[in-house]
Amino acid sequence: MIFSLLDRLRNVTWLWLLVLLFLLIGLSWWLYQDTIWLPPIFHHAWAQADWLSLALKFRERGFDFFHPATHNLLTRDGVTGAAFPLPAYLAAILMAVTHSEAPGLMRLLTLGCSLGGLLALGATVYQAKAGVWRAGLAVLFVFFAPVYGYYQASYLPSVPAFAAALGGYYCFYQSRQLSGLPRAGAWLYGAVAWFTLAAAIRTPFAIPLMASLLHLVALPLRRPPNRGRVLLAYTLSGFFLVSYFLYNEYLTRHYGGSMFLARPLPFQSPAEALSSTQEVARKWGLQLLGSTQWFALVAVALLALGNRPLHAWVRSEWAVHWLLLTGGGLTYYVLMGPQYLDHDYYFIDSLFLPLVLLFAGSLVVMPWPSRRMWQLGGTAASVAVASLWARDTRAVQMERYTVHPNDLGYMTLQNFTGSAQLLDSLGVPRSAHITVLDAYTYNLPLILMKRRGWTVLTTNEENLRASFQEPADLIITQNATFRSDVVSNYPLILERLDSVFSNGRLTLWRPRARPVPVVWEAQTDFESPLDTTVWLNSHSLSTEQAASGQQAYYLKETSTFGLTYSRSVGQASLRNQDRLIVRAKCWLPQGEYKALLVASLEPPGGGPAYYWKALDCRRYQAPAGRWTTVGGAFHFPAPRTPHDLLKVYIVKDGATAILLDDVRLTLVR
């Protein structure tokens, strides 16, 4: 009965494609029902938030396609070159039609593009007379690939571009099958249009466009196409792509930069290429395809290879096309290799398509049993294999959407959820410009606040200082990381901010207009001799480790007190309510011990300190093998006499040696 039904479906292409579509919709509900409405979160949330920001701004700015902008004002008015941002633009239209800015609408759009591309793949395999089962298996191979499965319901444009490329291959295959007939030209124009769209959205998809061109003009085809049509189609395609590339270059120059990478980042040496490739294979090998998918790919490829003699493969135009496509993907890998270490979606842009076409083409060529009983066995095996693929990709999706300890992206999402309403309640207008320190992503906090502004992702002193050059109305910090990631790197920032409001997760600050009144500053990197009348216990130096330069201060295992800065209150010009900003870098090994950076006021002849405060160096200890930045502010009471001693020193317990470098003391009033 089942084969009778399949026989009927084979004769009505649209009907079995409709069945396949409903199957994919059902599988999509099973795979994404818990995640489809989530905002950008977890894996590559920063990149996904950038594309969601584009969509939201398209809607807010009157659907100006040629001036894409994000919430981030790092570029002038947020305008940025963004390839050909059609997916984000369509998402903006969908939001306008539904009167909703729900982020899940953009996920649904991406998923819809994916399903359309998968139907094109299934139709291509079916048109190659491979039958319904093999066409469906090729589609499920893509749908259940772990990396593709994660991004086919995301905000990134890689999947829409991939789907457009699959549409291009459907048309290209039809044009080759009908070569010499009147309809071939229309199919060729359709193929070039889809390939061009894919390349415009994501530049690496120029590879199948170029592979198809070489296919038509460089191979000795038995049925060559009309050269005039080929020249016209590909000339128009090239003109469009070059023109839009130059327009993006204009946007980048005119608006002061781009939020998106548009330049190659190749390996710097063969050694780097080898080590990076090994790490990429280890990290992403079973994410690109599951283990059972790799096995299935190798198995069907070997069956297909053995089903035809070698000379048939040598003369096959499609085999040569696949080699061109794979060679292009590998070339792109070399040009962008270091990016693959952290950007798994680059595989969708380059090397995933050759794997998909290898599997689909092998299914077409491999032998398929003619007896009903063997066909039934093959069908059962296919269902079993697809079930294993589904299990593997489901496990990957669950792992990728699992909250891990210290996930800064998830913490940022949690902290800023509801921040738009909070700012509204505090009377902060939607037009206010806000700087977010330690933002983790360029756009996600700004999207959630529904305001524009600037973000600081790397919170070193240079970036934090530079952030005050922006004309922000307010500055927002996350309480969980403010001390460890902001103050410790730039303690003087406390003198440049006035607290406005805190809800326990976020703190709003107003930047001070007046300059910080610095009384004096003392610093050392231990590369030059120190004044031993001020810097006490400074003789112990090490050349084994240094945060900068060649030397660092060494506090031995047997010592408790180390480097000490000591001056009289009169010499230090210390007054009531002065603040001493302290910053230093510590090399702290693992183990059970305490290490404190202390500031005190003491009588000149000895006796207990009447002011004593400490920074716990181990509270924000960096991972093993890295320097820990310690910083903070000490607020002093009124000194008793000008002869009292101001001291700043390092102290520890336990038989552990530690290192100190790049010490800076700044007294502000």
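User: How do you know which parts count as domains 1, 2 and 3?

Analyst: The bounds come from an automatic or database domain assignment, which gives domain 1 (1-401), domain 2 (411-511) and domain 3 (518-668). Residues are numbered from 1 along each chain as its sequence is written, and side-chain values use heavy atoms, with hydrogens and water left out. As this is a predicted model, local features need pLDDT of at least 70 and side-chain atom pairs count only at pLDDT 80 or more, while totals for chains, interfaces and linings use all residues.

User: What makes Arg452 and Asp77 a salt bridge?

Analyst: The rule wants a side-chain nitrogen of Lys or Arg within 4 Å of a carboxyl oxygen of Asp or Glu. Here the N to O distance is 3.2 Å, so the pair qualifies under that cut-off. Across the interface of domain 1 and domain 2, the rule finds one salt bridge.

User: What do domain 1 and domain 2 bury between them?

Analyst: About 1500 Å², with 63% of it on carbon and sulfur atoms. That's buried area: the accessible area (1.4 Å probe) that two parts lose on being put together, summed over both. The centres of these two domains, taken over C-alpha atoms, are 38 Å apart.

User: How do you know how confident the predictor is in the chain?

Analyst: Look at pLDDT, the predictor's confidence in each residue, from 0 to 100. The chain averages 90, and 96% of the residues score at least 70. Residues 1-6 stay under 50, though.

Methods:
Contact means heavy atoms within 4.5 Å.
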